[in-house]
Amino acid sequence: MALRQPELPRPVLRWLLSLGLSVSPRNYRRDFSNGYLVAEILSRRFPAHIQPDAYRNGCSLAAKLSNWSQLRRFLAKQEFDIAQELIEGTIHCKPGAAESLLRQLCAALTGSRTESLQDWQVDFTDSCYQTQLPVAARATTSTAIKSNIRLTEVLVEPSICINRQKAIAIINMHMGMRMREREENPRRFNIKPCFGQRVVHHLNCITACMNTDSIPKEHLLPHIHQKPEKKYVHSKELQGKQLTAPLP
């Protein structure tokens, strides 16, 4: 089962089709990773500064880095609000990165307002896709590391410490997902509730089935609200009993 490609909003898609690009993008992650189509989009607005002939339409890592280094300098000169996380994710074909980059470009070039990077958390992993799968079909820890860390990331940043931190973050994300699975389906994993969980569940069942607001307190606690019967003995009767008592 392949990872489904996120859909672009209709205004962004209409804007992209109106540009008349040399290549009609079908797979956004693959087609925009080398930056060539991004250079074509910017050349429609800035023809004197961006020339598509100066960019290489290749799929090698060297071509990607060369194209994006020129685009980064131009975006910084024009003061475009494009996050570096979007650019890095687009270069390494991360899920959803190219689509988010197109939204940001559409907002910067047309003046339309789209959701900014601060409105949502940057997450270019396949965690959203994994949650849509059945429990038995979800990836293991090793598969999650292979899927979320690209080979191009290791080639660009060969630092062992940085790659180790990325792997640890993916492992923690995967372990959190597995813990949620165990909480949602305890019977599947043969998890028995502890004594405290059973008590809380029992109390919740009682309060859900029985509403004690309309019941008088006398019926709820009769042994507290019931007054004890007091037997009083008259003093004259007590004296008469003492006089009639036989002497030893």
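Leu151, Val154 and Leu155 form a nonpolar patch on the surface of this predicted model, with about 290 Å² of accessible area together. Patches of this kind join nonpolar side chains (Val, Leu, Ile, Met, Phe, Trp, Tyr) within 5 Å, taking residues with over 30% relative accessible area and no salt bridge, and accessible areas come from the Shrake-Rupley method with a 1.4 Å probe, where for residues only the protein chains shown count as cover. Because the model is predicted, local features need pLDDT of at least 70 and side-chain atom pairs count only at pLDDT 80 or more, whereas totals for chains, interfaces and linings use all residues. Residues are numbered from 1 along each chain as its sequence is written, and side-chain values use heavy atoms, with hydrogens and water left out.

**Exposed residues**

- Leu151, one of the residues of the nonpolar patch, is found in helix α9, helices being DSSP runs (H or I, at least four residues) numbered from the N terminus.
- Leu151 has a relative accessible area of 63% and is therefore exposed, where exposed means over 50%, buried under 20% and partly exposed in between (1.4 Å probe, protein chains only).
- Cys59, in the loop between α3 (36-45) and α4 (61-78), also counts as exposed, at 73% relative accessibility.
- The C-alpha atom of Cys59 is separated by 8.0 Å from that of Ser33, although the two residues are 26 residues apart along the chain.

**The largest pocket**

- About 610 Å³ of space lies in the largest pocket, and of the 20 residues that line this pocket, the closest to its centre are Lys94, Phe124, Thr125, Asn148 and Glu153.
- A pocket here is an open set of points on a 1 Å grid over the protein atoms alone, where a 1.4 Å probe fits, with protein on both sides within 12 Å along at least five of seven lines; lining residues have an atom within 4 Å of a point.
- The volume is the space filled by probe spheres set on the points, which are joined across faces, edges and corners.
- α5 (84-91), α9 (151-156) and α10 (160-184) each supply at least two residues of the lining, and α10 gives the most, with 5 residues.
- The lining divides into 8 nonpolar, 5 polar and 7 charged residues, with Asp, Glu, Lys and Arg counted as charged, Ala, Val, Leu, Ile, Met, Phe, Trp, Tyr, Cys and Pro as nonpolar, and the others, Gly among them, as polar.

**Salt bridges**

- A search of the whole structure finds 6 salt bridges, each a side-chain nitrogen of Lys or Arg within 4 Å of a carboxyl oxygen of Asp or Glu.
- Lys94 and Glu153 meet through their side chains in a salt bridge (3.0 Å, N to O), which links Lys94 in the loop between α5 and α6 (97-110) with Glu153 in helix α9, 59 residues apart.
- Lys94 is buried at a relative accessible area of 13%, as is Glu153 at 8%, and Lys94, Glu153 and Lys166 are linked in a network of salt bridges.
- Arg138 forms a salt bridge with Glu181, the closest N and O atoms being 2.6 Å apart; Arg138 lies in the loop between α7 (127-131) and α8 (141-148) and Glu181 in helix α10, so this pair ties together parts that are 43 residues apart in sequence.
- Glu181, buried at 4% relative accessibility, also meets Arg178 in a salt bridge (3.3 Å, N to O), and these two residues both lie in helix α10, 3 residues apart, about one turn of the helix.
- Arg178 is partly exposed, with a relative accessible area of 35%.

Conventions
Patch = residues over 30% accessible without salt bridge, like charges linked within 9 Å, V, L, I, M, F, W, Y side chains within 5 Å.
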